[in-house]
Amino acid sequence: MASAAEKHPYPQAPTGPSPKARARRQLDLAVRGWFAATVLGQGLFIAFILLFYYTSVFSGDFAAWNAKPMITGYVEGDGTGNQQFALHVLAAAIMTSCGLLQLVPQIRTRWPVLHRWSGRMFLAMAVILSIGGLWLVWVRGSYMTIPGAIAISMDGLLILWFGTMAWITARQRNFATHRRWALRTFIVASGVWFMRVGYVVWGVLTGGAGIERGLSGPFDLFWAFATHLLPLAVLELYLRAERGSPMAQRAMAGGLWLAMVLILGGSLGVWYFRWWPAITA
Ligand code: HEM
């Protein structure tokens with residue numbers, strides 16, 4: 001029988017992972033970095049809602065909402081409006097927490113029952129937030145500009161559309177398609193959080209260029225729509241890059257690292273400039 005040396009008379013150069021595998025690994029690492037920053041940023045958002053809104057709602061001190069700048073907030077005598085707002089902020093913390101749980105791969109594989117129930121809770125809260133949010137805007141009149149009202153309503157409608165598709169595809173057990181709709185739902189449902197983070201990043205980087213008091217400046221109008229459409233465009237690029245060339249995957253990884261830095265900086269900034277002062281006011 002021929003020995004291994006006879007079969008391969010020349011020693012072979014050690015071969016590492018292929019460029020394709022390396023690019024894929026870089027992309028996966030960048031996704032993890034982006035997710036870690038998102039967990040921290042949305043974790044701070046949840047902490048703010050619990051410490052500022054849950055304490056005031058459960059102690060019945062609705063007037064405490066107005067300790068921070070609000071569009072409408074608490075209005076004396078407006079029982080329905082105040083209750084709708086209270087429901088909105090209570091649902092916001094639950095939906096945001098469940099949304100983060102849905103993206104943890106270990107939960108999906110090890111505890112599928114938790115994934116299913118947390119997914120149902122996420123969707124139920126997303127429906128309450130979207131329909132309730134539309135009511136707050138168009139019935140209660142909580143908006144600063146008509147383009148701003150249209151932009152957030154568009155976000156609400158996208159949440160309802162994508163959420164319905166995520167639910168239908170999960171029921172059909174079509175998991176590849178479900179994953180795409182679920183990610184889209186997560187991104188548009190994070191629109192109001194991206195809005196707050198983005199304002200701080202832009203404010204710090206440009207000194208507030210294009211931001212005006214009544215949220216009617218050029219940046220305000222742009223960001224009202226871009227707050228959910230821009231992250232959605234990034235997600236669509238990511239879904240294509242996953243099946244794309246190694247170069248596309250490396251470029252996407254670079255974009256996600258940049259997003260991670262902006263999210264990290266913006267999240268710490270919004271906590272420091274807005275949420276902590278409101279909690280301790
Ligand atoms: C789905 C994710 C959403 C989350 C997590 C969320 C969260 C919040 C939070 C925490 C507040 C309190 C304001 C603050 O302290 O910054 C708020 C207020 C408000 N939200 Fe939402 N929201 C969501 C979706 C929506 C949608 C889709 C709409 C409209 C269609 C909407 C309309 C409003 C309005 C009008 C206010 C009152 C603003 C004021 O009076 O100052 N929200 N939301």
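How many residues surround the ligand, and which are the closest? The ligand is surrounded by 26 residues, and the closest are Tyr 53, Ile 71, Thr 72, His 88 and Arg 196.

## Before you start

This is a predicted model, in which local features need pLDDT of at least 70 and side-chain atom pairs count only at pLDDT 80 or more, while totals for chains, interfaces and linings use all residues. Residues are numbered from 1 along each chain as its sequence is written, and side-chain values use heavy atoms, with hydrogens and water left out.

## The chain as a whole

Let us look at the overall picture. The chain has 10 helices and zero strands. Helices (H or I, at least four residues) and strands (E, at least two) are DSSP runs, numbered from the N terminus. Along its principal axes, the C-alpha trace spans about 95 × 45 × 35 Å.

Of the 281 residues in the chain, 40% are buried. Buried means under 20% relative accessible area, exposed means over 50%, and partly exposed lies in between (1.4 Å probe, protein chains only). Contacts are counted when heavy atoms lie within 4.5 Å. Among contacts between residues at least 6 apart in sequence, 69% join residues at least 24 apart.

## Around the ligand

The ligand contains an iron atom, and its single donor from the protein is NE2 of His 88, 2.1 Å away. Donors are N, O and S atoms within 2.8 Å of the metal (3.2 Å for Na, K and Ca); water is not among the atoms, so sites may look incomplete. His 88 sits in helix α3, which covers residues 79-102.

A ligand oxygen is 2.9 Å from an N or O atom in the side chain of Lys 68. Backbone atoms take part too: a polar one of Ile 71 is 2.5 Å from a ligand oxygen, and a polar one of Gly 73 is 3.1 Å from a ligand oxygen. The elements that give two or more residues to the shell are α2 (19-58), α3, α5 (112-138), α6 (146-171) and α8 (191-206).

By class, this shell has 18 nonpolar, six polar and two charged residues. In this scheme Ala, Val, Leu, Ile, Met, Phe, Trp, Tyr, Cys and Pro count as nonpolar, Asp, Glu, Lys and Arg as charged, and the others, Gly among them, as polar.

## Salt bridges between parts of the chain

The structure has six salt bridges, each a side-chain nitrogen of Lys or Arg within 4 Å of a carboxyl oxygen of Asp or Glu. One of them joins Arg 140 and Asp 78, at 3.0 Å from N to O. Arg 140 is in the loop between α5 and α6 and Asp 78 in the loop between α2 and α3, so this pair ties together parts that are 62 residues apart in sequence. Arg 140 counts as buried because its relative accessibility is 14%, whereas Asp 78, at 24%, counts as partly exposed.

Another salt bridge pairs Arg 179 with Glu 242, whose closest N and O atoms are 2.7 Å apart. Arg 179 is partly exposed at 35%, and Glu 242 is buried at 16%. Both belong to a network of salt bridges that links Arg 24, Asp 28, Arg 179 and Glu 242. Arg 184 and Glu 236 also meet in a salt bridge, at 2.6 Å from N to O. Here Arg 184 in helix α7 is linked to Glu 236 in helix α9, 52 residues apart.

## A buried glutamine

Gln 249 lies in helix α10 (residues 246-279). Why does Gln 249 count as buried? Gln 249 does so because its relative accessibility is 5%. The side chain of Gln 249 reaches the backbone oxygen of Ala 241 at 3.1 Å. Leaving aside residues up to four places away in sequence, Gln 249 touches several others, including Arg 24 and Glu 242.

Notes: Polar contact = N/O pair within 3.5 Å; in protein donor to acceptor, adjacent residues only side chain to side chain. Near = heavy atom within 4 Å.
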